[in-house]
Amino acid sequence: MNSSQTDQKQQTGLIDKMCKTMGLGKVERRTLEVNEPPEDRGNRLCVSVSDIHLTDGTVGFQNLNDTIWNSFYDTIKQRCIRYAINELVFVLDGDVVDMIRSSKWAAHEPPIYPWERNRKEEFSAVVNAIIQDIVENQHAYFFQWLRELESKLRQENQLSNISARIVITIGNHDKELFCDPKALKYFYEQGLGRNVSQIPEEERRMLGRMYGDETMFLDPDQAPYLPFYYGDTGFRFFTTHGQWRDEANSRRIKAEKGRPGWKVANGWQIETWQQLKFSPFFEPCFGDSVAAGVLSTFIYKAKKKLDDANCNDPRLDSILDELDLYRPTYAAVNRVLEEAAKMREQNKDQKIIDIIEDTLYECILEWLSWDFTYQSSPALRRKGLKLAKRILEIMKSIGHGLEIKSIAALMRILAFFDRMQQPSVKLSVMKTFPSFLPIYRHYNFQIHGEGHTHKPLQEEPNLNTEYPVTYINFGTWRDQIVSRKKTGYRRRGVLRSLFILDIINYNEKTKGAMPRTFDYFVEDTVNWSDAKDALDVTGHIAPRL
């Protein structure tokens, strides 16, 4: 990656001209660590996906199978052949591995959670156990696929000289890797097949500059952080994972002792983040307490208690395995409560129902009793959580299952407000995206990408720029549980990939005025199958009502 050192004598852009005309002076320019390819480059293709969330399988297994990745490889290969690609860049935009959603946290004796990093030896043991399970056992094929991408493409006669580069950015479910040097080094070497000692010095310096200190990764035995963002002026593309816009999945930092503060409302402030050593995104956050402390812990405890009580219900087992597919998390809680209510109506084993409801209450109350739950919350949320805890305790003391009814009522309220939200991004919000900020307009980015939300989306904001711009959210590459109309649920796979072409213009009539061709498109694959509709992993076919 070539570091961008912008020439201040660069031709004045449209924004500068407008500001000068209006008497506002020249727009301040700031630099980013982006790739600026030479003018005489060959044909290039960028492919970007996000949020594949490879897990260790201990709280359900919802990742894509090998067939999907093979099919995706064939798509990439055919496009590379069709456009005579010389350089492929494959961007995985955060949350490639999921260190949060694992039962290993709750199963540890005594339990340890992602925010308890002061228990260093135990924390390190769990993190390394999770990443090794992901790389060596659950997803060995995927990582082999990733490591061999370039060599496999070169086996094609038309692509014998192609170069393929893998770019993985930081998400919010993989940040535990960066807290443990051993785990991060393992990910580089065993997962990506990159010998840490052979990482070029310039790449180390570039990553250091990105994080605020060019020298911070110069030790050849140290695995550097993965990039926080990726940008390329040839692809006119800039992307980050997107957690910096999510209050629940980034940490608010208070200003103190000469150190600046930051919160989500402050927006993109990379110079501030550098001063804070990117702590808003490396420190544990509220979302960790929900994903690891409530959902994963509930799945682990419920299945263990059911097993200890010799209670076997294939449908319930399947639902528990798939709770991680519901978004947002409260939808998973609501699903469990609905199933318990249905089992009660059908006069099923009361012992099973009691285990599910009692374990859910236990996990939620435990979550509401942790100091970290409140420490990672803004003031208004803290008040709401304390009130919820008090209400649940009162309802439990009254009895008659009122605590479960209270939880169910809260889930319905959250679902109502969620339905009221529009699946779009406001223009005022898009103006704050780094790709579109005036201080970076000299890079001429036209595409701002992000993942994180698991909701595929595209917008065409009019920002009075010289060229049209596009916002693209990559969604997620994994199965999802969606609500059916009017009631019920169904499982489907939603796969979105962005393709960007930066190729030589061979048209004799136009290549003089336009020496290169720029094109980009999104490919969405929505997949249903009998296997997805199966009641459980044993292969019995039955609809998920």
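Predicted model: local features only at pLDDT ≥ 70, side-chain atom pairs only at ≥ 80, totals over all residues.

I call a residue buried under 20% relative accessible area, exposed over 50% and partly exposed in between, using a 1.4 Å probe and protein chains only. Helices (H or I, at least four residues) and strands (E, at least two) are DSSP runs, numbered from the N terminus. Residues are numbered from 1 along each chain as its sequence is written, and side-chain values use heavy atoms, without hydrogens and water.

**Helix α13.** I started with α13, residues 329–345. Its 17 residues span 25 Å from first C-alpha to last, close to the expected 24 Å (1.5 Å times one less than the number of residues). How many of its residues are buried? I get 12 of the 17, so α13 is largely enclosed by the rest of the structure. Among them are Tyr330, Asn334, Arg335, Glu339 and Met343. The cover over the buried residues includes α11, α12, α14, α17 and β10 (contact means heavy atoms within 4.5 Å). After α13 comes asparagine 347, with a positive phi near 55 degrees.

**The sheet.** Next I traced an open sheet of 5 strands, in the order β4-β5-β6-β8-β7, with mixed pairing. Two strands pair if DSSP finds at least two bridges between them. β4 (229–232) and β7 (457–459) are at the edges with a single partner strand each, so one side of each has no neighbour in the sheet. I checked β6 (447–450) against β8 (470–473): they run parallel and are joined by 4 bridges. Isoleucine 447 sits opposite threonine 470 in β8.

**Cysteines.** I looked for disulfides (cysteine sulfur atoms within 2.5 Å) and found 0. Cysteine 311 is buried at 12% relative accessible area, and cysteine 363 is buried at 0%.

**Nonpolar cores.** Here a core is a set of buried Ala, Val, Leu, Ile, Met, Phe, Trp, Tyr and Cys residues joined through side-chain atoms within 4.5 Å. The largest holds 139 residues, with Leu32, Phe72, Trp268, Phe298 and Leu323 making the most contacts inside it. α14 gives the largest share of this core, 10 residues. I then listed what phenylalanine 72 touches, leaving out residues up to four places away in sequence: Val47, Val49, Phe90, Trp145, Trp477, Ser497 and Phe499. A second, separate core has 13 residues, including Val167, Phe237, Ile472 and Ile500.
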